[in-house]
Amino acid sequence: MSKPQVGIQLYSVRDRSEKDFLATIKEIGEIGYRNVELAGYYGHSAKEVRQALADAGLNAPSAHIGLTVNDAAIWDNLKKQIEYSLELGLKRFIVPYYPLGDNPTLDDVNKMADTLEQAAQRVTEAGLQFGYHNHAFEFKPVEGKLVIDHLFERISSDLLFAEFDLGWVKVAGQDPAAYVRKYAGRLPVVHAKDFKDDGTDTEIGRGSVDWDSALSACEEAGVEYVIIEQERYDVSSLESAKLNYAWFKQRGWM
């Protein structure tokens, strides 16, 4: 299998994006990245964002887009996000988080699955692919089965794909490579995130994830994109983006 393409989740440089999103897009392109995953548009139109990406030589096949699950207007809000996504030219619509709670019951998990399934139906009917990005809480057991497995068993693979965050899988006590292989064929995108032993983010290769096994599994499973994400830094967000780019480039992934 060929190596997945590498990109960066722009949430990793949100401090810069909040000040000047379009300039930040340009900076990411100048580092050498050719793929990004979006996470908010900072008041810019789809036309403006699309042009900035093109000018920077960047491809944006996916975005993190939250569901306003506690808002009565959830489906109206989703419709607007779908329309923006289509105008922007996205391929994949990925929900980054669901407020499941600390001690979920099976009813809570079923409600989560029902909401994601309803959203997935609307998104896929519009011509986009629909995915879910995990943290650690989806790997808690509920009635003898991990939440993440409940979800992907309940919802058809035609409607829902996985975007496993390999760092959070590790934090949850699971083997990232094993979970990549378990859902091979349903996993077009993964997140590359690393954590120190104290639970704080760090650059790729400086934390606890076994990247040799995880990335090998990604190749075997036909993953299309490995998206770098980092939320906290010992240096600046832009410097971390450069270090993560260099790590993959040194290994022939860029």
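Reader: Starting with E143, is that residue buried or exposed?

Author: E143 is exposed, with a relative accessible area of 65%, where exposed means over 50%, buried under 20% and partly exposed in between (1.4 Å probe, protein chains only). This is a predicted model in which local features need pLDDT of at least 70 and side-chain atom pairs count only at pLDDT 80 or more, while totals for chains, interfaces and linings use all residues. Residues are numbered from 1 along each chain as its sequence is written, and side-chain values use heavy atoms, with hydrogens and water left out.

Reader: Where does E143 lie, and what is its phi?

Author: E143 lies in the loop between β6 (141-142) and β7 (145-146), and its phi is near 55 degrees, a positive value in a residue other than glycine. Strands here are DSSP runs of E with at least two residues, and helices are runs of H or I with at least four, both numbered from the N terminus.

Reader: And Y42, what is its phi, and where is it placed?

Author: Y42 is not a glycine, yet its phi is positive, at about 55 degrees. Y42 is placed in the loop between β2 (35-38) and α2, and with a relative accessible area of 31% it is partly exposed.

Reader: Switching to the strands, how many make up the barrel?

Author: The closed barrel has 8 strands, in the order β1-β2-β3-β4-β5-β8-β9-β12, with parallel pairing, and two strands pair if DSSP finds at least two bridges between them. From one strand to the next, the twist averages 30 degrees.

Reader: What joins β4 to β5?

Author: Strand β4 (residues 92-95) runs parallel to β5 and is joined to it by 4 bridges, with F93 standing opposite F130 in β5. Strand β5 itself (residues 129-133) has 4 of its 5 residues buried, so β5 is largely enclosed by the rest of the structure.

Reader: How many bridges are there between β9 and β12?

Author: Strand β9 (residues 189-192) pairs with strand β12 (residues 225-228) in the parallel sense over 4 bridges, and V190 stands opposite V226 in β12.

Reader: On to helices: at what angle do α3 and α4 pack?

Author: Helix α3 (residues 74-88) packs with helix α4 (residues 106-125) at about 40 degrees, and their axes are 11 Å apart. The axes are lines fitted to C-alpha atoms, for helices over the stretch in contact, and angles run from 0 to 180 degrees between N-to-C directions. The two helices, α3 and α4, are therefore oblique to each other, given that angles under 35 degrees count as roughly parallel, over 145 as roughly antiparallel, 65 to 115 as roughly perpendicular and the rest as oblique.

Reader: Which residues make that contact between α3 and α4?

Author: From α3 come I74, W75, L78 and I82, and from α4 come T115, Q118, A119, R122 and V123, where contact means heavy atoms within 4.5 Å. By class, the residues of this contact of α3 with α4 are 6 nonpolar, 2 polar and 1 charged; Ala, Val, Leu, Ile, Met, Phe, Trp, Tyr, Cys and Pro count as nonpolar, Asp, Glu, Lys and Arg as charged, and the others, Gly among them, as polar.

Reader: What does A119 touch?

Author: Not counting residues up to four places away in sequence, A119 touches L67, W75, L78 and F130. A119 lies in helix α4 and counts as buried, at 0% relative accessibility.

Reader: How far apart are the axes of α2 and α3?

Author: Helix α2 (residues 46-55) and α3 have axes 9 Å apart and pack at an angle of about 35 degrees. The contact is made by A46, K47, V49 and R50 of α2 together with Y84, E87 and L88 of α3, and the contact of α2 with α3 has 4 nonpolar, no polar and 3 charged residues.

Reader: What about α1 and α9, how do their axes cross?

Author: The axes of helix α1 (residues 14-31) and helix α9 (residues 237-250) come within 11 Å and cross at roughly 25 degrees, which makes α1 roughly parallel to α9. In that contact, D15, R16, E27, I28 and I31 of α1 meet S237, L238, A241, K242 and Y245 of α9, a set that divides into 5 nonpolar, 1 polar and 4 charged residues.
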